[in-house]
Every structure is written in C-alpha cells, then in structure tokens.
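Visitor: I am new here and would like to learn how to read a few features. Could you walk me through them?

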Amino acid sequence: MTAHIEREFDVIVIGAGAVGENVAERVVKGGLTAVLVEAELVGGECSYWACMPSKALLRPGAALHGAQTVPGAEEAVTRVLDAAAVLKRRDYFTSNWQDDSQVKWAEDTGIELIRGHGWITGPRRAEVAGLDGNSYALKARHAVVVATGSRPSIPPVEGLADVDFWTTREATSAQEIPPRLGVLGGGVAGTELAQAFARLGASVTVVARGGLLGAFPAPAAELVHAGLRADGVELRLRTGTQSVHENDDGSLTLALDGGGRVTVDKLLVATGRHPALEGIGLESVGLAGEDGTPTRLRIDASGLVVGADGNEDAPWLYAVGDAAGKVLLTHQGKYEARATGDAIAARARGTLAGEPAPWSPFARTADEHAVPNVVFTDPELANVGRSLEQALKDGYRATSVELPIQVAGSSLHSEHYKGWAQLVVDEDRRVLLGATFAGPDVAELLHAATIAVVGEVPLDRLWHAVPAYPTISEVWLRLLEKYGL
C-alpha cells in the first residue's frame, strides 16, 4: 500500500552524487537538517561510472609502461596487462556498483536519504516519486539545492540512435574488452578511455571533428597524440562522421567524411556532456528554457540561481557542480558545494547578506581564476588557470614562457622522457595567471601551480621556492630562469 508522506527539512538536496553529498555535509555541520534525494546510486557518476573506474582502468597501463621506460626494470617486465585483473580491480574501486558504504556515511553524518526521482514544485517545495512506492511532499525551511550532475551529449549522426552504443557509463563498467573499439570525440573522456582500452588489448580508432584535446596548448596535446599513436591508437582527426549502421554480425560501421569507413565491435560516444536539468521542475519557478532551448542556469558566487521565483527577496534555490554548468569537474563541483553549503548555513544564521566577497568561504571564486584539470593519459596533461589566449581575451597584459621538461629529475624518471611546460604571466602584477604541464607523472606538479595562481604569489617571491633536486619540479626553476629571474 502506497502512502503520501509530508516532510520538512532545512535543506533539500536533489542529487546524491559527490557534489550533493558535500552540500548536505556542510549544511549539517552548520547546524541545519538535510535530506538527499537520489534515484540511482548514492555517490553518483564519479564513484561508479567516471573518475574512479576510469582512473582504475588507466593506472595499470601507466604503471607497466613506466617500468618499461627504466633500464633494469624494463628487463624484468615480461608480461602484458592482465585485462581480467584490471577489471577486477576496477570493480573494487566502484564497490561492485553497490552504495552501502555511501548510504552508511550519510546516516552517520546525520543526513537523511530518500530514494526516488525528485522535482521542484514551487519555492522551497519538492515532490519525490519514491522507489519504495510512496510519494513525498517535501518543504525546505531554508534552501533547495540542485545537484543533478550532467548527461552525455549525443551528436545528431545519422543512424546513431538506431544502434547500441556506449557512453562513458558503459565503457567504464564494461565486463570485457572488445576486439575493436571506436571512439567518437577527442576530448578528455574519449582520449583517456581510448588509451585505457588500447592498453587492455583493443584495437582502437578515435574519430573527432576537431583535434585531440583542442582546449589545451598544441605542444602539450601533441605529446598525448604521440602517446596514443605509440599504443597503436588510430587517430582520424578533423574528420566528421556521416552515419553509423549495424552489420549482420553485430559490428558497427562508421561512414566518415571523405569516403572513409571504420568498422568496430563497440562504439563509445564521448562528445561532451550537458547539465542534467530536464524533468526536475525548474519551469515551476520561472526557469524554463526559452523557445524550446535547453535550460541553462545563471548563478552568483554562492551558487544562488539568478531569476528563480522569490530568490532575490529570500534566497532559497541553489545549483552546484555539473548542474550549475560552470565547470564540469568533480573536484571543482565539490569545492562549489562546500562554498554553497556554508553560504546556506550562514544565511540561515543571519550572518551573510547579499553576494559574498571574492575568496571568502562562501564564494566559489576559484571557478573564475584557478580551475585545475588533469588528463590522466600517459603522458599526463595538467593545467590550471588561464591559457595565454584566454588571458589576452580577458584583458590582461599577459606573456608566456614555455620549454621542454629536460631536467635531472625527468632524466632519472625514465629514459627518453619527453615533457613540456608553460607559465602564463600577468605582466602588470608579475603573478601567474596559469600553468600547463605535459609529460609522464606531471599531475603531481599541478597543485604547486594552483597555489601560486590562487595565492597570486609574485614571481620575485616564487623565485625563492627552491625545487628539490633531482625532481621533475626543477622545471619551475628553469621556467623562471627563462622568464628572466
């Protein structure tokens, strides 16, 4: 027998992924009550179908290749990757797609959970179609937070809707390695998974309308190009896909611009993502997309949604993470969630009025200045802040300094180490606006750059941050020397 249940909380969070969990935790720490509404697994995309499983698929290949590039270790390596063992380890990191531990964390933290599909019905109100068969009418005393994540964007390729294809979910949860894998898209997800599956034994072809990793500086992206080619990945770049059709044996054939054809056993479509805002009732509070266009949210520094009914007079609706549409990265979404959760608690106490000051605990200022990003390919690609082109476009009097990574630490790290580094400098203030590193294991250089950008450390002071010898971090010294210090 079903029931209609009415409940009231201080804060309702729609979406219990990593970002929604962080919002709920922060408001509870701030003395408020919170409920998470989730129709799928608590922990969300990152835990089960994105960050964790993809990196678990990538790491064994990087570790093996690293050993193969160091004399002495290279001679001891006599085997290729054991695909079954890699997949088993991946399963471990996804908790075998069971969310018991995440549910227990929520309970121990004092957060209530309602499993079901939730949507907004009006200011401070939501409805949930519970997976238990009950319906829930929820009222928030202070805030409703949209933390619904994002969904894959599927290109309008003829025949694609009629065939069985993978998105990143199916790829990261695959239980076997296809003999031939096609990848549509040359962005981060497509590039990472192309290399992961190539090293696990698949013959991989990447087809992309643009270049590979086009958002990154060309010298850095070219190192990743070379890494994929060394793993046998075929790259069909700056090539459109006209159509896809299924063959009698279940394989798929892609017809490409210029008459080319590619036949694969599985096709991964990794052509971007968009905020998951459909079906959550935003139209009920004046936020429907215009003329049938997808809804996009505008938010202030605390995550408050601009234009929602009643939000100016008495703030109540917030958006965080991918749903907010600003930066589609898990770590940045969690950062946003912490700021938003603290802002909600502060407004509830009456200690925050209006938009918070930049760099305060309640503002997601780093979204505008210092977003760190890592492509976990081999070699890795890592950057933070603005590229030179972005800095000039934003009105800065900016210059850049770049060079290959050729220091004692890189030579010791592996034979024939190839890397590249760049710093972007605001010449008026003599501080860093951005940094990019490409090469094996450069992700560990990134946080130092992030601190320098966020802290606006003057280059004259940064000169006194002496890198340990012999490490790859010595490239910092070489960059500053080339700049003229």
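Guide: Gladly! Let us begin with Pro470, which sits in the loop between helix H14 (459-462) and helix H15 (475-483). Helices (H or I, at least four residues) and strands (E, at least two) are DSSP runs, numbered from the N terminus. This is a predicted model, where local features need pLDDT of at least 70 and side-chain atom pairs count only at pLDDT 80 or more, while totals for chains, interfaces and linings use all residues. Residues are numbered from 1 along each chain as its sequence is written, and side-chain values use heavy atoms, with hydrogens and water left out.

Visitor: What kind of peptide bond joins Tyr469 and Pro470?

Guide: A cis peptide bond, with omega about -5 degrees. Asp378 and Pro379 are also joined by a cis peptide bond, and omega there is about 10 degrees. Pro379 belongs to the loop between strand S16 (373-375) and strand S17 (380-385).

Visitor: How do I read salt bridges, and how many does the structure hold?

Guide: Side chains of opposite charge can pair when their charged atoms come close. A salt bridge is counted when a side-chain nitrogen of Lys or Arg is within 4 Å of a carboxyl oxygen of Asp or Glu. The structure holds 26 salt bridges. In one of them, Glu192 pairs with Lys55, with the closest N and O atoms 3.3 Å apart. Glu192 is in helix H7 (residues 188-199) and Lys55 in helix H3 (residues 51-68), so this pair ties together parts 137 residues apart in sequence.

Visitor: Is Glu192 buried or exposed?

Guide: Buried means under 20% relative accessible area, exposed over 50%, and partly exposed in between (1.4 Å probe, protein chains only). Glu192 has a relative accessible area of 5%, so Glu192 is buried. Lys55, at 24%, counts as partly exposed.

Visitor: Which residues are linked with Glu8 in a network of salt bridges?

Guide: Asp10 and Arg141 are linked with Glu8 in that network. The closest N and O atoms of Glu8 and Arg141 are 3.7 Å apart. Glu8 lies in strand S1 (residues 4-14) and Arg141 in strand S5 (residues 135-146), 133 residues apart.

Visitor: Where is Leu213, and what is its phi?

Guide: Leu213 is in the loop between strand S8 (203-208) and helix H8 (218-230). Its phi is near 55 degrees, a positive value in a residue other than glycine. With a relative accessible area of 3%, Leu213 is buried.
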